[in-house]
Amino acid sequence: MSPERTAYLLLVGMALCFGGAWVAGKVAVDEIGPFSLAAARFGIAAALIYAYALVRRAPIRLPQRRDLPVILAMSVTAIAGYNVLFLVGLTLAPASDGAIIVPGMAPVFTMLFAWLALREAIGTRGIIGLAIAIAGLLLVVGPAGTADSQRLLGDLLFLLGAIFWGIYSVISKAVTGRFDAINVSLYGFVAGTLLLLPATLLDGGLGQIADASLPALAGVGYLAAFAT
């Protein structure tokens with residue numbers, strides 16, 4: 001199989017895993033607070049990626065001091081910020097809204113931020129893509145008044161999550177080459193977990209996970225192992 005075909009198959013697999021995150025998150029967040037759920041998700045993911053590195057005998061190095069600002073920036077945007085918005089949004093709006101808004105709008109904001117920060121050209125295709133994505137968002141939100149205020153607030157949180165993801169994408173593009181995939185994932189998961197731990201006190205703490213039902217625990221496991 002050619003490398004290009006393999007890459008596309010991996011991307012399709014990633015999309016399937018990401019799509020399931022909305023259902024798993026919706027099930028889990030009904031019983032576990034969003035801050036505690038996000039902290040548990042990335043704490044487990046950190047352990048899993050570390051175990052994966054050991055099995056692959058991949059070198060793990062401590063980040064240098066000059067790396068800390070960019071690691072913190074990626075953790076605040078893609079780990080802590082995006083996931084809190086994603087999970088709180090699921091308590092207000094249908095999972096299907098988020099599954100359309102975030103993947104549809106994240107590339108739009110990524111393109112805009114890359115144009116502003118990295119001076120990447122948008123071009124005619126990019127402009128057409130922006131217009132199509134925004135039109136799709138308007139259809140989902142229902143500006144004619146078909147959605148209640150709670151759902152609109154949830155959709156707004158999904159939109160803010162897409163903005164956070166766009167910022168993260170530009171940051172990660174700017175530091176491509178400084179980190180390998182395993183190390184940057186481990187850095188982000190650990191830093192994100194540490195950022196989220198104090199916030200778990202706002203929604204009941206990690207102890208609520210012990211009292212969660214099997215479906216909710218399965219949702220946590222899916223988020224950690226597949227969606228992360």
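This section describes helix packing, the nonpolar cores and selected residues in a predicted model.

Residues are numbered from 1 along each chain as its sequence is written, and side-chain values use heavy atoms, with hydrogens and water left out. Because the model is predicted, local features need pLDDT of at least 70 and side-chain atom pairs count only at pLDDT 80 or more, whereas totals for chains, interfaces and linings use all residues.

Helices are DSSP runs (H or I, at least four residues) numbered from the N terminus. Helix H3 spans residues 68-90 and helix H7 spans residues 181-196. Their axes lie 8 Å apart and the two helices pack at an angle of about 60 degrees; axes here are lines fitted to C-alpha atoms, for helices over the stretch in contact, and angles run from 0 to 180 degrees between N-to-C directions. H3 is therefore oblique to H7, given that angles under 35 degrees count as roughly parallel, over 145 as roughly antiparallel, 65 to 115 as roughly perpendicular and the rest as oblique. The crossing of these two helices, H3 and H7, is right-handed; a crossing is given this label if the near helix is turned clockwise from the far one by less than a right angle, and is left-handed if anticlockwise. On the H3 side, the residues that meet H7 are Ile71, Leu72, Met74, Ser75, Val76, Ile79, Ala80 and Val84. Their counterparts in H7 are Val184, Tyr187, Gly188, Phe189, Ala191, Gly192, Leu195 and Leu196. Contact means heavy atoms within 4.5 Å. By class, the contact of H3 with H7 comprises 13 nonpolar, three polar and no charged residues, where Ala, Val, Leu, Ile, Met, Phe, Trp, Tyr, Cys and Pro count as nonpolar, Asp, Glu, Lys and Arg as charged, and the others, Gly among them, as polar.

H3 also packs against H6, at an angle of about 160 degrees and with the axes 8 Å apart. H3 and H6 are therefore roughly antiparallel to each other, and their crossing is left-handed. The contact of H3 with H6 contains 18 nonpolar and six polar residues, and no charged ones. For H4 and H6, the axes come within 7 Å and cross at roughly 40 degrees, which makes H4 oblique to H6. H4 passes H6 in a right-handed crossing. The residues of the contact of H4 with H6 divide into 17 nonpolar, four polar and four charged.

A nonpolar core is a set of buried Ala, Val, Leu, Ile, Met, Phe, Trp, Tyr and Cys residues joined through side-chain atoms within 4.5 Å; buried means under 20% relative accessible area, exposed over 50%, and partly exposed in between (1.4 Å probe, protein chains only). The largest such core holds 45 residues, of which Trp22, Leu37, Leu90 and Met105 touch the most other members. At least two residues of this core come from each of H1 (3-29), H2 (34-56), H3, H4 (95-118), H5 (123-141), H6 (149-174), H7 and H8 (214-227). H2 gives the most, with nine residues. Leu90, leaving aside its neighbours within four places in sequence, is in contact with Trp22, Gly25, Lys26, Val29, Ala95 and Phe158. A second, separate core of eight residues includes Met74, Ile171, Tyr187 and Ala191.

Individual residues were also examined. Asp155 lies in helix H6 and is buried, with a relative accessible area of 2%. The C-alpha atoms of Asp155 and Asp97 are separated by 6.7 Å, although the two residues are 58 residues apart along the chain. Ala78, placed in helix H3, is likewise buried, with a relative accessible area of 5%. Apart from its neighbours within four places in sequence, Ala78 is in contact with Asn83, Trp165 and Tyr168.

Arg57 lies in the loop between H2 and H3 and is exposed, with a relative accessible area of 76%. Although Arg57 is not a glycine, it has a positive phi of about 55 degrees. Ala78 and Arg57 are 21 residues apart in sequence and 27 Å apart in space, C-alpha to C-alpha. Glu4, found in helix H1, is exposed, with a relative accessible area of 54%.
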